[in-house]
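Visitor: Hi, could you walk me through this one?
Guide: Happy to, here it is.
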Amino acid sequence: TGTRVAPVIKANAYGHGAVAVARAITAAGADYLCVARVDEALALREAGIGCEILVLGYTPPETAAAAVGQGLTLAAFDADAITAYATAARAVGRKARLHLKLDTGMTRLGALPTEASALADRILSDRDLELDGLFQHFAASDSRDKTSARLQLARFNEVLAALPRRPRLVHACNSAGALTLPEAYFDLVRTGIVF
């Protein structure tokens with residue numbers, strides 16, 4: 001389809017060894033990886049994994065400078081995180097690449113759709129930040145009934161349409177979404193446990 005696959009190798013690649021799995025899948029052609037925590041991403045960098053890596057979860061302010069300095073992409077979901085990432089970017093002299101994370105129904109980590117435009121404007125207005133992506137996570141894409149997932153996708157599409165400019169990478173699908181919701185493929189699909 002032209003959609004890139006971004007393997008999720010969080011939790012030590014689901015127990016298989018994150019560094020070994022990262023080496024194998026990047027050798028096979030993967031050029032983008034996802035992890036849950038910044039320490040997982042920094043360990044991959046230390047092991048010589050140089051492809052793009054997105055930290056899907058919260059990056060604490062005290063580790064943001066190390067993350068930005070290593071060229072990691074960070075999830076942004078509120079004004080405090082965005083401010084911390086901008087401060088880190090200035091400290092290391094490198095632009096912080098951010099993916100705005102939406103909570104369209106997962107009720108975990110993410111900005112509410114009503115907050116998204118203001119947060120995107122905040123990122124776009126800071127020369128030390130780059131709005132590189134927009135993403136969300138399906139809560140029940142593995143259910144036979146796709147009503148909930150399609151409602152999340154509709155909310156996500158509304159936010160995407162309202163942004164002042166489309167980010168380089170838009171992604172919505174987790175593993176189950178990648179298998180069952182082709183209308184939500186966008187630029188990346190994040191496949192993890194399916195491997």
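Visitor: Is E183 buried, partly exposed or exposed?
Guide: E183 has 39% relative accessibility, so it counts as partly exposed (buried is under 20% relative accessible area, exposed over 50%, partly exposed in between, with a 1.4 Å probe and protein chains only). This is a predicted model, where local features need pLDDT of at least 70 and side-chain atom pairs 80 or more, while totals for chains, interfaces and linings use all residues. Residues are numbered from 1 along each chain as its sequence is written, and side-chain values use heavy atoms, without hydrogens and water.

Visitor: Which residue meets E183 in a salt bridge?
Guide: R150 does, at 3.0 Å from N to O (the rule is a Lys or Arg side-chain nitrogen within 4 Å of an Asp or Glu carboxyl oxygen). R150 sits in helix α7 and E183 in the loop between α8 (175-180) and β8 (188-189), 33 residues apart. Helices (H or I, at least four residues) and strands (E, at least two) are DSSP runs numbered from the N terminus.

Visitor: And how many salt bridges are there?
Guide: The count is 12. One of them joins R168 to D132, with the closest N and O atoms 2.7 Å apart. R168 is in the loop between α7 (147-162) and β7 (169-173) and D132 in strand β6 (residues 129-135), so parts 36 residues apart in sequence are tied together.

Visitor: How accessible is D132?
Guide: D132 is buried at 1%, whereas R168 is partly exposed at 40%.

Visitor: New topic: which residues of strand β3 are buried?
Guide: In β3 (residues 52-55), E52 and L54 are buried on one side, and I53 and V55 on the other.
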